[in-house]
Amino acid sequence: MCGIVGYLGKNSALPVLIDGLRRLEYRGYDSAGVALYLENDIQCVKAVGKIKELEEKIGYYEIKSPQPLFTKEGNYKKSPQPPFNKGGSCLGIAHTRWATHGEPSEDNAHPHSDCSGKIWIAHNGIIENHKALKEKLEEKGHKFKSQTDTEVIAHLIEDIYNNELEKLKSPQPLFNKEGNNRKSPQPPFTKGGNNNREGLLTDSLIKALKMLKGAYGIVLIHKDYPDKIIAAKMGSPLAIGLGDTETIIASDISAIITHTKQVIYLDDGEIAEIDKNDLRIFNIDNVKIEKEIEEVNWDIGEAEKKGFPYFMLKEIFEQPESIMNSIRGRVMEREGKVKLGGFDSVSKKLRDINRIIITACGTAMHAGLVGEYMLEEYAGIPTEVEYASEFRYRQPIINKETALLAISQSGETADTLAAIREAKEKNALTLGIVNVVGSSIAREIDAGAYNHIGPEISVASTKAFTSQVAIMALITVYLGRQRQMSLVVGERIIKELLLIPEKIKNILGRNDEIKKIAQKYMNADNFFYLGRKYNNPTALEGALKLKELSYIHAEGIPSGEMKHGSIALIDGNFPSMFICPKDSVYEKNISNMEEIKSRGGRVIAIATEGDERVKEIADDVIYIPKTLEMLTPILATVPLQLFAYHVSALKGLDVDKPRNLAKSVTVE
Ligand code: G6P
């Protein structure tokens, strides 16, 4: 996930681009860059780190609010650094990066250019076939400067553009020797007026887009087209702001609405060509599309959260997309197989592994517990889960057939990092599921899979958990297929996993219903969360969400364990949240639910759509769609996240920053 901004107008581009980057910084902040059309050329500056590093490098503060040239101490103050000391530019693009391919570095920072330095691109998304395209382009002599998937787009366009330019330079006779009418140009070069230089850039982009697989939001400028900026969208968001004298393109409207509230949202497969006096939107077949201009009525504070009152709610609602981002490009449905690029280097070693220890903290640890059930049931590998903070204080029995799998959203949790180091000391193969690219844990492990879900800002983890469980399912298929898992089983898991995003959308549609239930129970002082088998970890996660957000005491217990002591606490003021989908332990869960009801306890049940029996027993029911048993924790967690969110919001608490907590715990 990255943030991109583009500007074409009558004003100075740089302040708009930098301000836009600041507002998009939540989308990633490992490096940033800006490319401006200046003095008949395109100049680019990049910096590693947050936007302020970029500002520092280009002397941006001095441009915005000129300071005296001499400070009190008589030292010469920094003036804008070259190349941005040359006055105003009215065309430019900028990018703030959240690394996916290639470590955070200046070379890998966007914008990226082609060999000639004429084409400049900022990109958000992942080009899945970049390796194959890069190889072909390198064979043709293209020189790459970065490890990113993005750079391939610039070279690909350059390649197509140059070929077409050559054709234009050496026109062919209209009739060939045989007197037959020569073939007419093929689409997209058939569309009126495009077989001239003016349409060449857009046509080359279209041709290039047809060769890309994956997701992109792109803004592009070209040295020979000082009045043009082009944008294209497939999978990654892009909006176009239409001011009186300027056009701004950005990943989200937070970078636009301080300048204009008139916005066009691009849809997948759409391309926008913006000239000084014209805006044309068309599809990949160059067919013009009429788009509606929308009036945005948010203020800037809301826009950063995309209109959601809290980042947590925004992140809960992002889950259909974030899970898809975690799965995309990693499944081969027909072969019932999973490919995890990060595991390639250790795939042989993984065949010999006969034991897995999963280690993590907090929410990530709950995802690990779901993984334990998956790996044992479907991959046949003995697995145990250990709190990272406990792992190294035991004498863990580790040999070279043991793999340690660390799960961490931030990749910086000190306990998890320490557990990895301890396992490495004892010769274990170390694996990871990590969200933040280039983080300490990502660098420390032997091999891993990134979540690809973008920054998670709210302290209470939501989209990271569901993605971690989805990746556990991918790892299960990966390891299972190396062992006894059949093609059919692999295929089935993948098929069901691909349906999860749509099913989450269905649950999100019940948000108002869940809010009403939260209203009903928000004044309870205690809560039990109960579940069995795959949903025992779901119960732990639901309880953690409620206590960290609402400060209500909540305990997650295996449903079967409740009768061995905890049931003594049950009365009319001690409600229980039962995770009770129609799975292999359904009947047992129903019995436990009855046990609570017969002692005067109140029950909220998470049940499978159409289950009338649960409705008769529980006081309130939240339905989730049916899925494979091993994937139910992903679906069942979503209403629990919403429930905890609403209780906290209704109590007037700071949902995104609960007291005493931190997003990334870097102390042991
Ligand atoms: C903190 C956060 C939790 C998170 C845990 C592990 O306690 O508040 O939400 O689950 O750390 O973080 P990690 O970044 O390693 O997943």
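Biologist: Which residues touch the most other members of the largest nonpolar core?

Modeller: A nonpolar core is a set of buried Ala, Val, Leu, Ile, Met, Phe, Trp, Tyr and Cys residues joined through side-chain atoms within 4.5 Å. Buried means under 20% relative accessible area, exposed over 50%, partly exposed in between, using a 1.4 Å probe and protein chains only. Here the largest core has 88 residues, and Phe527, Tyr529 and Phe643 touch the most other members. Helix H15 (residues 463-482) gives the most to this core, with eleven residues. Helices (H or I, at least four residues) and strands (E, at least two) are DSSP runs, numbered from the N terminus.

Biologist: Before we go on, what am I looking at?

Modeller: This is a predicted model, where local features need pLDDT of at least 70, side-chain atom pairs count only at pLDDT 80 or more, and totals for chains, interfaces and linings use all residues. Residues are numbered from 1 along each chain as its sequence is written, and side-chain values use heavy atoms, with hydrogens and water left out.

Biologist: Is threonine 632 buried or exposed?

Modeller: Threonine 632 counts as buried because its relative accessibility is 4%. You'll find threonine 632 in helix H21 (residues 632-650). Its side chain reaches the backbone oxygen of glutamate 629 at 2.6 Å. Such a polar contact is a pair of N or O atoms within 3.5 Å; within protein, one must be able to donate a hydrogen and the other to accept it, and residues adjacent in sequence count only if both atoms are side-chain atoms. Beyond four places in sequence, threonine 632 is in contact with Tyr534, Asn535, Pro581 and Thr627.

Biologist: Now the ligand. How many residues surround it?

Modeller: A residue is near a molecule if one of its heavy atoms lies within 4 Å of it. That gives 13 residues around the ligand, with Thr363, Ser408, Gln409, Ser410 and Thr413 the closest. Helix H11 (residues 362-379) supplies the largest share of the shell, three residues.

Biologist: Which atoms should I zoom in on?

Modeller: Ligand oxygen atoms lie 2.6 Å from a polar backbone atom of glutamine 409, 2.6 Å from a polar side-chain atom of serine 410, and 2.5 Å from an N or O atom in the side chain of threonine 413. Taken alone the ligand exposes 390 Å², and the protein buries 89% of that; accessible areas come from the Shrake-Rupley method with a 1.4 Å probe, and for residues only the protein chains shown count as cover.

Biologist: Which peptide bond is cis, with omega near -10°?

Modeller: That's the bond from histidine 110 to proline 111. Proline 111 sits in the loop between strand S4 (91-97) and strand S5 (112-113).

Biologist: And where does asparagine 40 lie?

Modeller: Asparagine 40 is in the loop between strand S2 (31-38) and strand S3 (41-48). Its phi is near 60°, a positive value in a residue other than glycine. Asparagine 40 counts as exposed, since its relative accessibility is 59%. Lysine 533 also has a positive phi, near 50°, and counts as partly exposed at 25% relative accessibility.

Terms used. Contact = heavy atoms within 4.5 Å.
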